[in-house]
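Hello,

Here is the structure I promised to pass on to you. Have a look at it first, and then read my notes below.

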Amino acid sequence: MKSKLFIYTALAAGLLNSTACKKQLEEKAYSQLTTDAFYNNKNEVVSAVLRPYTHANAWVTPSGQDGWWRPAELSGDQLAWPTKGRHGEDGGKWKRLHYHTWFNDEGGLNNAWSLMYWGMGLCNDPIENLGKRDIASMGITQAEKDSYIAELKLLRAFHYLKLMDLFGNIPVVTQVGIPAKPETRPRAEVFKFIETEIKDNIAKAPKLSRTQLGRMSQAGAYAMLVELYLNAEVWTGTARWDDCIAAADQLINNAGGGQNGVMALDPNITDQFKTTNDLSKEVIFSIAYNYSVANFQPSWPSEFYHFKQQEIYGGGRNGNDGIVVIPGVYTTYDASDLRRSNWLLIGPQVKFSDGVSPVLASEEYNGSQLVFVDNIRKNKSNSTVSNMSEGEENSGVRFNKYKLGNQVPGPGGVPAIDPNYNNGDWNIYRLTWIYFAKAEALMRKNGGAANATAVQLINDCKKRAFSDADWATRAYTTATLTLDELLAERGREFIFEGFRRDDLIRFGKFNTASWWDHSPTAATRALYPIPQQQRDLNGNLAQNPGY
Amino acid sequence: MKFKDLLKFSFSLLLLMCATMAQAQNKQVSGKVTDSKTGESLAGVTVAAKGTTAGATTDVNGSFRLSVPASATTLTVSYLGYDSKDVAITGNNPINITLDANSTTLNEVKVVSIGYGTQDQSKVTSAITRVTPDDFRQSGSRNALDLIQGKVAGLAITRTSGTNPNGGVSVQLRGAVSVSSANSPLIVIDGIPNGNLDLLQQDDVESIDVIKDGSGAAIYGSIASGGVILVTTKKGKNGPPTVNYSSYARKEYLNQRLKFLSADEYRQRIASGEIKQKDFGNSTDFIDQLINKDNLSQNHNLSFSGGTEKTTYRASLNYRDLQGIAKENGRKEYTIRLNMTQKSLNDRLRLYADLTTNINRANLLGGGGWESELTKNPTLSNYNPDGSYRFDLTSTNEFARLQQETYYRKQQTTSANAKADIDIVKGLTGSVAGSVIRDSYIDGQYRLKASENSLENTDFPGGGYAYKGDYLRFDYNFEPTLQYKNTFFEKHNLTALAGYSYRYSIFETSSASNRGFINDLFREDNLAQGSALAVGKASISSNKEDNTLVALFGRLQYSYQGKYLLQGTVRREGSSRFGAANKFGFFPAVNAGWVLSEEDFIKKHKFINFLKLRGGYGETGNSGFANYASLVTLGGGGRYIYPDGSYFETYGPTRNPNPNLKWEVKKETDIGVEFAMFDNRLTGQIDYYKRTVKDLLDTYVSPQPPFIQSSIYTNVGTLSASGLEFAFGYAAINSGDFRWNVDATFTYALSNKLDSYSNDEYKVLYKTFAGIGGAGDLGNAITTYEGANTGEFWGKRFAGFTPDGKWLFYNRNGVAVPNSQINISKDANTTDLAKIGNAIPKAYASLTNKFAYKSFDLRFFLRGRFGNDILNTPALSYANRTWSGNLLKSTFTKYSQINDTYQYSDYYIENGSFVKLDEVTLGYNFKFKTKYLRNVRLYVTGQNLATITKYTGTDPDYIRDTGLDPGVDNRSAYPSTRSFLVGLNVGF
């Protein structure tokens, strides 16, 4: 009996291994897609091609996450996230960015690495999948296939450009999962890879047009080249000023196309940042939000807005009362500079809806009017100590460059409700920046002195920020546009746009200058450390010098 | 009556029948059997004529009548729980017999469930603890596991949501077994794995058996690493019909709340300049407005049961209305449980059927918002001067919310199971069991147009909010088994079991919400009427998942002369969740036992009544992770603009593939001793366990590049634990009218370690747990380094304050420095952070004292937790003047020096040990001289009567102690309550 039982058991155990049984254990995913069952029509292809763009929102914009933007701005001399009362200590991460005392295993930097390489992988994946499938099975033409792959390769180059910007020496991988432990490549090699990728694919990629809104295009590719060459001296040791000028001219001459007709500077300082900035003529590459139809909304309010910001602009979004303008930056703007009044927020705040009643604060000044001040200290306790630890809820001048629009009408119905509320795009590159780059290249070539072309380029941009009456005395001349002045003007024009760290490095100030609560640091701090977390996983990653 | 008794009873009946047939040569004997102490009649007592086959059992009145051969001279009278007795047959009828109750319980033939069967406790070779209704906590369970909290050594049951009637319990056996997967034990109800606890009402529970060790749990394979809890419900019994009614009513009172300033005190502190905040002119106790002072919970259970030798039945109807200490926080439910058994084919076929359904309606609106209301500036009001509710953007008016919103869940859970046993040949029984559990609910929410949530929504201001969601789940279970049981040469007892198990589970959900209604009339009953839908701002979602488990299992039990015990178990199991390369797991176990008290060298020591040594080794698995975790799936990445300007969803890979994904393996060794001494007055069970969990599943950081995602769900690490468990029972006094019994349990954790978290591919040097929360992003409180103890708090070491109240901490060299100079890197070579405590309790203990005097009984139940630290987050956040609202009183005493932002350090780590007087019950058993009333018991219970602790935050009993992330106090903890309960049980 006993032995029979065992025989039956053994038989049954055999059955359990049979294919029928294994089939029974195959998973059926009802609410998720698998890769093998995808790429069967054009819409599926497009939705895979577009995936890295929604992801880029997380790392390239001030999204509330530790991506590229925070380390690119908060280590500079314009913006900081000071501790404000009970808020903002955040493990000291903001202070370390400000003081340049970040660790090798800084969580935020690892997160940035991770988010950016994730985005890179989201390019590799469709490049691979499109590449191995024939066009008939995907329902697209060969031209479309080539164009998508070129676009994705350019977008991948963009990821590498920004990774190289932060970390310098990084691994370059073009296939998912291969090699298992990629090696660090020196920055010059990475530079070369990016440059080659751009040059090889630029012609196959679509030109910028209304249908390429929010996506990589020939225009975006030229802008990447401008950025590469502008920083080539720092990044590779070899200056490429002429290449920089040539790439900039391609954009200035509309060779990469334009989002709204011929690419040109916008006539004012607001078209680029308002809720309908998809109509801007100067935008080159942006993350295209649309809350009205897609619930895809800008991510930056969490970084900049006060807990009760919505009352100030008449919308529905607030923030973490985080990033503010470092004391003194506000006053580098001329009082008549429209950028100061339009892009920055200071002073007592009133409700948008009536323009009169005060917006009430909610922390130190709970129940009293919210007044943003150009200092960071504990005014409530009459303290004069100003540093990264001693802020209050109203400390610092605030971001007001991009606008969310208003959901409620202003006093007496003016302005009316903005139908494009929460729809504004985030510009990654815009033509003004190309103008500045070309001007700088001209000056650098010229031993640091401006020539008439350089002055003209900067003045074309700057004069939009002044009334005609004020402009006459504010225009640059070849005498007044020094390199130092160019750096200052870059600060005023591109504040919040993610370029400040690069600028300070290129102008030799990043490790040598002091500002507010920051003292000079070692030159090696110009590169962030390769996150120790990544090095623990991949022994082939070398650490940057100085860490 | 247990199964064994049933057999005895049937056997006796059989004897009786034989006896009747042979009536001619016989004489009649009749009499009555009563308890020697209480004088109560004893029903079901076996009365047999010694040396003959004649026998009978007593009826409900304790009377018996039997016909015995003329030669018979002695009656043997035996009854479960009583000492057997021989009585001479005299000529005098009736014979009155009194029986003495056994002094302890272990002397009973105690049967425990072992999974796919039962076994005499004395023969069990793995660590199993049985708890029966006599020992259940009597404070009125909200969840069936409440009944055994503190009763089983090694089983931690924590109510992290306090006495919230809609809150569950956090359960863990012998420490954490997983980092990311399930840690809770497998619940098996009447043989159905993954039983639904909602279906269990306390009056329906016959017993709860807890299988603690791996060798016992291995029969449940890949889902049993957390241990197994087997619940057996009451069944009908052969005998006269009985009716039981039991009920209780309970009232709860606020026991302890965090000590915040009153409005007057707050005002005084403003006046004195200690608080730089505004006085808004009101005086409000915000918490008081959330408290349901009129709470009254009640439970009514009516059951009737009975049966014949061939058929038994039991039906139980339960109504329960649980009301929380919070307003709008309750649960009403009805449960019906039906059970039938029948024997046919000359008793060779036995059929069982159970049908249970629970219908409940939970009010989920209230029960939260405590932190918000505790910490509001008390000079504010819930109302504006004009009488409308006061709303502001940075807080929620919780009181108004209770009036202006609704949130309910209507749920029905049904379980049907059937089983057929058939005796094929002698000793061989085949069984087929099948079950289906259907669980479904609908959630509904509505927020009035005038509610805060609605008014503060800027897309549809004042447009209301409606939500409806549903859930439907089926769990199918099919298990054929074969069992062979025989005794060879009177010495060799063998039981062999083989079985197949198929389980399939599927669930579907959908939900939708909308805003922008023109009036409040539809509420959530006409969702499409909201205007948010048309403009794409309504939300809709649905999901469906399933999984399958198949297994073959076998068990062999052998005992020699009831002295030497051996057991082997195997289970081979496959799960759809496992990766393609690892579809099947193998889970073996082996146990041995030695009943020393059957050996002569022990028998000569008369003070030892029973002594057993046992040991076991077993492997179990844990597959309590998400469905589809091994597949490469594409997930939506948000919508983006298409060339035509419209927006569509984008798709990209959401996970790195892992075809090797498999179960976690727990290997556990258990050595135990069970004993009874001094006339069975002292009984005990001592266990030592050592376990290792291998192939720990977690989200590991994958190298990027080349992988797309930063993480991969894979098996890497190893976790280990060892500990000791003690359970003792002592019949301290057993004299006449007075009895005093003591039960004690003690659990001691010898070690809890994360042995490794790396392999060749994945390397993790440390892992952090337990978010501190609150403003200032303080990160996680617990850091577990590879190779170190689990549960360690790692943080800054407090070194004092500067004269102006700024934090000073010790750096790694022991020098007090300002915060800005503290290195908080996790790199052990540079960090200034240090180990500042451990959140995992070293020990648990409980003590039950039961007194009985005549018809009175009294019970004290104490339980405690020792040797753990708790991070006092309420003090961290609200004993610091940087907070603009209400402050703890200690802000101005113990914490008065702080003039700085929030910091996490050992300054807020406190000893979390406590002892709680959990329950005191006083009962009285009425005696009526009528045969219509079998028993009437009235009792009162006080629960959570006193807590002794040095901890200064919330009630430490409700702070989670399970998992790898315990020990962080909850700023918004459900208030601790003290309750009083009056209960009545009537049987007739």
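In which loop of chain A is Pro179(A) found? Pro179(A) sits in the loop between helix 9 (142-167) and helix 10 (187-201) of chain A. Helices here are DSSP runs of H or I with at least four residues, strands are runs of E with at least two, and both are numbered from the N terminus.

Before going further, please note that this is a predicted model, in which local features need pLDDT of at least 70 and side-chain atom pairs count only at pLDDT 80 or more, while totals for chains, interfaces and linings use all residues. Residues are numbered from 1 along each chain as its sequence is written, and chains are lettered from A and ligands numbered from 1 in the order in which they are written.

Back to that proline: a cis peptide bond joins Ile178(A) and Pro179(A), with omega about -10°. The bond from Val414(A) to Pro415(A) is also cis, with omega near -10°. Pro415(A) belongs to the loop between strand 8 (398-399) and strand 9 (426-430) of chain A.

Helix 21 (residues 483-494) of chain A is worth a visit too. Its twelve residues reach 16 Å from the first C-alpha to the last, close to the 16 Å expected at 1.5 Å a residue (the expected span is 1.5 Å times one less than the number of residues). Leu486(A), Arg490(A) and Glu493(A) of this helix are buried. A residue is buried if 20 or more other C-beta atoms lie within 10 Å of its own, exposed if 12 or fewer, and partly exposed in between, with C-beta atoms placed from the backbone. The cover over the buried residues of helix 21 includes helix 18 (431-445), helix 19 (452-462) and helix 22 (500-506) of chain A. Just after helix 21, Phe496(A) takes a positive phi of about 75°.

Now for chain B, which has eight helices and 49 strands. Of its 988 residues, 48% count as buried. Its C-alpha atoms fill a box of roughly 100 × 65 × 60 Å along the principal axes.

How do the two chains meet? In all, 76 residues of chain B are in contact with 90 residues of chain A (contact means C-beta atoms, placed from the backbone, within 7 Å). Strand 25 (492-515), strand 26 (539-560), strand 27 (564-575), strand 30 (633-641) and strand 31 (647-653) of chain B each give two or more residues to the side that touches chain A. Strand 30 of chain B also pairs with strand 1 (residues 33-34) of chain A in the antiparallel sense, over two bridges; strands pair if DSSP finds at least two bridges between them. There, Thr34(A) has Thr633(B) as its bridge partner.

Within chain B, strand 11 (residues 155-158) and strand 12 (residues 170-173) run antiparallel and are joined by four bridges. Leu155(B) stands opposite Leu173(B). In strand 12, Ser170(B) and Gln172(B) point one way, Val171(B) and Leu173(B) point the other way, and all are buried.

One last stop is the loop between strand 32 (664-677) and strand 33 (682-701) of chain B, where Phe678(B) is found. Phi of Phe678(B) is near 50°, and Phe678(B) is partly exposed, with 15 other C-beta atoms within 10 Å. Asn680(B) is in the loop between strand 32 and strand 33 as well, with phi near 65°.

Enjoy exploring!

Conventions:
Contact = placed C-beta atoms within 7 Å.
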